[in-house]
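Hello,

Here is the structure I promised to pass on. Please have a look at it first, and then read my notes below.

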Amino acid sequence: PRWLALHWNLSASADALDLRHLEGFPRAIADLVVGTRLSELHLTVSSGRWDRSWGASPSPVAAGALLWAWLPSVNEVRAWQLVQRSLSALLSVSLTDASEPAGDDASSLAAHFPRSSITSKTESAMRLRLGVSAREVVCNENIAAWLQLWACRDDAGVAALLSAGPLRERLMAARHLALRLDLERYCLPPRFEGEHSSIGAVSTDKRCRERLMLRLSLTAVVEADKGEWLAATIERATEGTHSELGRTSREGVLLACPLTRSSRLQLQLPVGVSLS
């Protein structure tokens, strides 16, 4: 069979020092940051393995569920429990029973899961916590919950392609399916305020302002067939009325999410697959 790789990458940012004005950043994640004072966290949940014959994965993940976070050492245990409970509820994933790998000390784990965030906290003030649940798989409820974190849900933007329909059905039979959530802090110097800088940008300016960056990604490999289902998915997402947003799409136009700076859809179809 011919395989088609699909990848969604959604991102939102907020001022890490003032979470009263969130714009498109999800309130539930902001509350988790306030409640734990975490530096960063990462969660991946996957079903099936990525086959090397497909080339490089756009978002490599481990099998099952993997959760890891850098938390303040002063309240590490309480913060870790809150992270597990909160993400379990938000994404319908069982994380409270996730176990930490046996036989690995803190230093060896930190080498495999280094901090990528730029924060005002010293390395010694933060502790790495990690949990693994190899039996966890991606289900329809996970995707629905994952979409609830996005500013426009599945009403507009590229996420509209994931609303209930032919593609959603294909995802449940995917050869490989993975959800990812990455939350990091990055430095935005005053001269760049109002713009996005790269995560991890280092500035010697002491007034450098911390921001939060949330990235939500979904990767799937599905059987391509002749592409009729993909054409039906795009047609469904580009027609009809999005009443919650108070806007009506025009035929053949995928509405951008009005709460985001940009929405981009890129298609690179296998040979023999078309949308016509």
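**The sheet and what packs on it**

Six strands form an open sheet in the order S1-S6-S5-S2-S3-S4, with antiparallel pairing (strands are DSSP E runs of at least two residues and helices H or I runs of at least four, numbered from the N terminus; strands pair if DSSP finds at least two bridges between them). Strand S1 (3-15) and strand S4 (126-133) are at the edges with a single partner strand each, so one side of each has no neighbour in the sheet. From one strand to the next, the twist averages 10 degrees (axes are lines fitted to C-alpha atoms, for helices over the stretch in contact, with angles from 0 to 180 degrees between N-to-C directions).

This is a predicted model, where local features need pLDDT of at least 70 and side-chain atom pairs pLDDT 80 or more, while totals for chains, interfaces and linings use all residues. Residues are numbered from 1 along each chain as its sequence is written, and side-chain values use heavy atoms, without hydrogens and water.

Strands S2 (residues 40-47) and S3 (residues 64-72) are joined by seven bridges; Leu-43 has Leu-67 as its bridge partner in S3. Helix H1 (residues 27-36) lies across S2, S3, S5 (176-188) and S6 (209-223), at about 60 degrees to S5. Helix H4 (residues 140-147) packs on the sheet and touches S1, S5 and S6 (contact means heavy atoms within 4.5 Å).

Trp-8 is in contact with Trp-146, Leu-162 and Leu-218, among others beyond four places in sequence.

Best wishes
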